[in-house]
Amino acid sequence: MKDGNGVTLVVLSGDMDKVMAAFNIAIGSAAAGKNSAMFFTFWGLKAIQKGNLTGKSFFARMMGLLNRGGINRIGPSRFNFGGIGRWMFKQMMNAHRITPLEELRKTAIELGVKFMPCQMSMEVMEIRREDLIDEVGEPCGVATMLEEAFNSGATFFI
Amino acid sequence: MTLEIKSDQTINLEGLLCPIPVVKVSQAIKNMAVGGVLEATATDPGVLLDIPAWVKSTGNELLSIKKEDKLIRFFIKRTK
């Protein structure tokens, strides 16, 4: 927020390819010395989850099982074929020496990209703060995300 | 006759793809003194557009960027 021309990303998708694009943009902005903030909501939360099973109620536990989080567990938005696509993508990325997703997230953290988890979707899906990686900020809402967005040069919804 | 550019530091970005080259460049520039010149070699053709764009958004100076066969070599001067 100090800079006024960085980026804010709203990461709603939890697909490997979309999350990768989001981290790429955030890293690019941070590498140009600009502020970058990422707001993770709904499926996007998977990218900042530790990967353990979540939920307390029956539905939430079912969702936690079928929609398990963790950066290495998420698959591409197309051609996933129950995980085969994810494996294939990882092989292809490796062959072309593309930085793995987890490494990208680490780079984003190192460059000071701010991670904001969405309180509301955490509530709905019964994901607790301790189910998320330690580097994320306090769970927050739309006003906090918009405060970042109003002070950014660009906002992306992914 | 070609003008030789003297660099204070050289980094190797060969084989690295977007967004890592700009990350490495920004980290190297950050650790340099103002006025210092960074030399880098890369193979990702994307840097031909990305490095000039990065320099523009950060306000540093691109002294030269050239493609020598498969290798791309560029020099950036830290200006602030």
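These legends describe close-up views of a predicted model.

**View 1. Overall build of chain A.** Six helices and four strands make up the secondary structure of chain A. Read from the N terminus, the order of elements is β-α-β-α-α-α-β-α-α-β. The radius of gyration of chain A is 15 Å, close to the 15 Å given by the globule rule for 158 residues, so chain A is as compact as a globular protein of that length. The C-alpha trace of chain A spans about 40 × 40 × 25 Å along its principal axes.

**View 2. The interior of chain A.** Buried residues account for 40% of the 158 residues of chain A. Take the contacts in chain A between residues at least 6 apart in sequence: 72% of them join residues at least 24 apart.

**View 3. Helix α4 of chain A.** This helix covers residues 101-110. Its buried residues are A:Leu101, A:Leu104, A:Arg105, A:Thr107 and A:Ala108. Seen down the axis of α4(A), they fall within an arc of 160°, so they line one face of the helix. An α-helix has 3.6 residues a turn, so residues three or four places apart point the same way. The buried residues of α4(A) pack against α1 of chain A, together with α1 (20-30) of chain B. After α4(A) comes A:Gly112, with a positive phi near 85°.

**View 4. Where chain A touches chain B.** Eleven residues of chain A contact eleven residues of chain B. On the chain A side, helix α1 (residues 16-31) gives the most, with four residues. By class, that side has four nonpolar, six polar and one charged residues.

Key
Residues numbered from 1 in each chain as written. Chains lettered and ligands numbered in written order. Predicted model: local features only at pLDDT ≥ 70, side-chain atom pairs only at ≥ 80, totals over all residues. Contact = placed C-beta atoms within 7 Å. Helix = DSSP H or I, 4+ residues; strand = E, 2+ residues; numbered from the N terminus. Nonpolar A, V, L, I, M, F, W, Y, C, P; charged D, E, K, R; others polar. Buried ≥ 20, exposed ≤ 12 C-beta atoms within 10 Å, placed from the backbone. Arc of directions from axis to C-beta. Rg over C-alpha atoms; globule rule 2.2 N^0.38 Å.
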